[in-house]
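Colleague: I would like to go through the labels on this model. Tell me what stands behind each one.

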Amino acid sequence: MRSHLLASLALLIGVSLFLPHASAQPRLPSLGDRISGTVSLEEEYRMGQQFLAQIRRSTPTIPDALLNSYLENVTYRLASRSELRDHRLSFVIIDSEELNAFAAPGGIIGVNTGLFVNAENEAEFASVMAHEIAHVSQRHFARGVDEAQVGRIPYLATLLASVIVMATSDAQHGTAAITAAQGMAVSNQLRHSRSNEAEADRIGQNTMFNAGLDPAAMGTLFERLVALNRLGSRPPEFLLSHPVTESRVADARSRAVRYPSRPYSDNLEYRLMRARVVNHYAADKRLLVADYERRIGERRDEIQEDAFTYALAVAYWENEQYALARQTLARLLAKEPNRISYVATEAEFLIAQNEEGQAIPYLRRHLEINPDNHALTMTLADALIEARAYEQAADLLDAHTQARPDDHHIWYQLAEVQGQAGNISEVHQARAEYFTLVGDFSAARNQLRYALRLEQEAGSSPTEQARLQQKIRDVERTIAELSG
C-alpha cells in the first residue's frame with residue numbers, strides 16, 4: 001500500500017504547479033512542523049526520480065548536449081545562491097515549442113524548448129528557473145502531502161494523470177483532465193497553490209539577485225506573457241500552469257526596485273543556445289537565412305552582433321549551405337577559438353560535410369583543454385560513429401557514463417554503437433541502464449538476463465557473471481517494491 005502511495009505521490013507536486021488558482025491565500029505551514037516530516041528529503045528524491053522516469057518515457061526530450069549543459073550550468077548557478085538544501089538536481093528539456101516549465105520533488109527541473117524561444121535574454125530565462133527552484137527549496141510538495149492524506153486520495157488517480165499530460169505539453173487535454181477531477185475537495189488545494197506561486201516568485205527574485213542576475217526580468221517576462229495571452233487564441237501553456245495576473249506582474253516589478261542598484265550584462269551563451277532552438281523549429285530555412293542576413297545589419301552591440309552571426313551560421317547549416325555556415329562561424333572562432341559552443345558547432349558542420357576526419361583530431365585537442373566536457377564528448381562520439389570507428393565511440397561513451405550515469409540519452413546512444421561494434425552483451429547492458437532510467441524495469445531485467453546468458457555461454461569470469469546477477473536482483477527488488 002505504501003509503495004503504491006509513494007509511486008503516486010511522485011507526481012503530486014504538479015498539482016501545485018499546473019492547476020489554476022483561486023483567490024484565498026491561507027497561511028503556509030513552516031518547514032519545521034509536522035508536514036515537513038511527512039515526507040523526508042530522501043523520500044522526495046526517490047519520488048522525483050520516479051516522476052523523471054515517467055517524463056522521459058512519455059514525451060520526446062532534447063539530447064542536444066550544448067542545450068543541456070547550458071540548462072545545468074545556469075540552474076546550478078542559481079541553486080548555489082538559493083535556499084535549496086538538497087543540491088541533487090536532475091534536468092530534462094522537452095522537445096516542444098510551447099512555453100512551459102515545471103518542478104518536481106527531489107530536485108527535478110524541467111523546461112520546454114519553448115522557454116528559450118520566449119525568454120529574450122538569460123535573466124528572463126533564469127527567472128523561470130529561479131521560480132521552479134523555489135518550489136523545490138520551499139518543499140511545496142511536502143506541504144501538500146498533508147492535504148492528500150486527509151481526504152485527497154480518491155482524487156489522486158485523475159489528478160496524477162492530468163499532471164503528466166500537462167508536463168508533457170498537451171495543455172488542452174491536461175486542462176480537461178483537471179476540470180474532470182475538480183470539485184469542492186480540490187478547491188482548497190488550488191488556493192494553497194496560489195500561495196505557493198507567490199512565495200516562489202518572491203524567493204526566486206531573491207535567488208536571482210544573489211546570483212548576479214537582474215530580478216526585474218521576472219516582471220518583464222510576466223508582462224510579455226500577459227500580452228501574448230491577450231493576443232493569442234489560446235494562452236501560452238505556461239500561463240495555464242502558472243497563471244499570471246496584472247497584480248502578479250505589479251508585485252514582481254515592485255519587489256525588483258527594492259534591490260540595491262547594480263549593473264547587469266547580457267550573456268552571449270544564452271543567446272547562442274536560443275539561436276539553436278529558434279533555428280531548430282523554423283519551418284522555412286531559406287526565409288530564416290534571409291531574416292538573419294537582414295538583422296545582422298541592425299545589430300546594436302557586440303553581443304548582439306556575435307549572436308546574430310552565430311544564428312546565421314546555424315541557419316546556413318540547417319539550410320544545408322555548409323560552406324557558408326563554416327565561413328560565417330569562422331569569424332566567431334577567430335575571436336574566441338576556445339569557446340566550447342563554437343568548437344562543438346564547427347565540428348557539427350564538419351561532420352555534416354563528411355569531414356569527420358578533420359572533426360575528430362579537432363575535438364580531441366579541445367577535450368585536452370576541457371576534459372570530459374559533455375558537448376565536446378558527445379560531438380566526438382558522433383564524429384567517430386560517422387567514421388565507423390565504433391569501438392572507439394563505444395569506449396568514449398562508456399567512459400562518459402561514469403561522469404553522467406543518469407543521462408538516458410548517453411545510454412541509448414551507447415547501446416546503438418555497441419551494436420554497431422558487435423558487442424552484443426554490452427548492447428543489452430546499456431539498454432538495461434536506459435530502460436531503468438525511463439522506468440521500464442521489466443524491460444531492464446530482460447536485457448540483463450540476455451546479457452547474463454551471453455556471458456555464461458562465452459565462459460566469462462565469475463566476477464562478471466556475479467555482477468550481472470546482482471544487477472538483476474536489484475531490478476527485481478525495485479519491481480517488487482513498486483508492485484507490493
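Modeller: Helices (H or I, at least four residues) and strands (E, at least two) are DSSP runs, numbered from the N terminus. Glutamate 391 is found in helix 22. This is a predicted model: local features need pLDDT of at least 70, side-chain atom pairs count only at pLDDT 80 or more, and totals for chains, interfaces and linings use all residues. Residues are numbered from 1 along each chain as its sequence is written, and side-chain values use heavy atoms, with hydrogens and water left out.

Colleague: Why is glutamate 391 called partly exposed?

Modeller: Buried means under 20% relative accessible area, exposed over 50%, partly exposed in between (1.4 Å probe, protein chains only). Glutamate 391 has 41% relative accessibility, so it counts as partly exposed.

Colleague: Which residues form the negative surface patch?

Modeller: Glu391, Asp395, Asp398 and Glu426. Patch residues have over 30% relative accessible area and no salt bridge; like charges are joined within 9 Å, nonpolar side chains (Val, Leu, Ile, Met, Phe, Trp, Tyr) within 5 Å. Asp and Glu count as negative. Helix 22 (residues 390–403) gives the most to this patch, three residues.

Colleague: What makes arginine 276 and aspartate 64 a salt bridge?

Modeller: A salt bridge is a side-chain nitrogen of Lys or Arg within 4 Å of a carboxyl oxygen of Asp or Glu. Here the closest N and O atoms are 3.0 Å apart, and the pair forms a salt bridge. It links distant parts of the chain: arginine 276 sits in helix 15 (residues 268–281), aspartate 64 in the loop between helix 4 and helix 5 (65–79), 212 residues apart.

Colleague: Is arginine 276 buried or exposed?

Modeller: Arginine 276 has 8% relative accessibility, so it counts as buried.

Colleague: What joins arginine 88 and aspartate 86?

Modeller: A salt bridge, with N to O at 2.8 Å. Aspartate 86 is buried because its relative accessible area is 18%. Arginine 88 has 33%, so it is partly exposed.

Colleague: How many salt bridges does the rule give?

Modeller: The count comes to 26.

Colleague: How do you know that the span of helix 4 agrees with its 18 residues?

Modeller: The expected span of a helix is 1.5 Å times one less than its number of residues. For helix 4 (residues 41–58) that should be 26 Å; the end C-alpha atoms are 26 Å apart, so the two agree. Among the buried residues of helix 4 are Tyr45, Phe51 and Leu52.

Technical notes
Areas by Shrake-Rupley, 256 points an atom, 1.4 Å probe, with all protein chains shown as cover. Charge placed at Lys NZ, Arg CZ, Asp CG, Glu CD.
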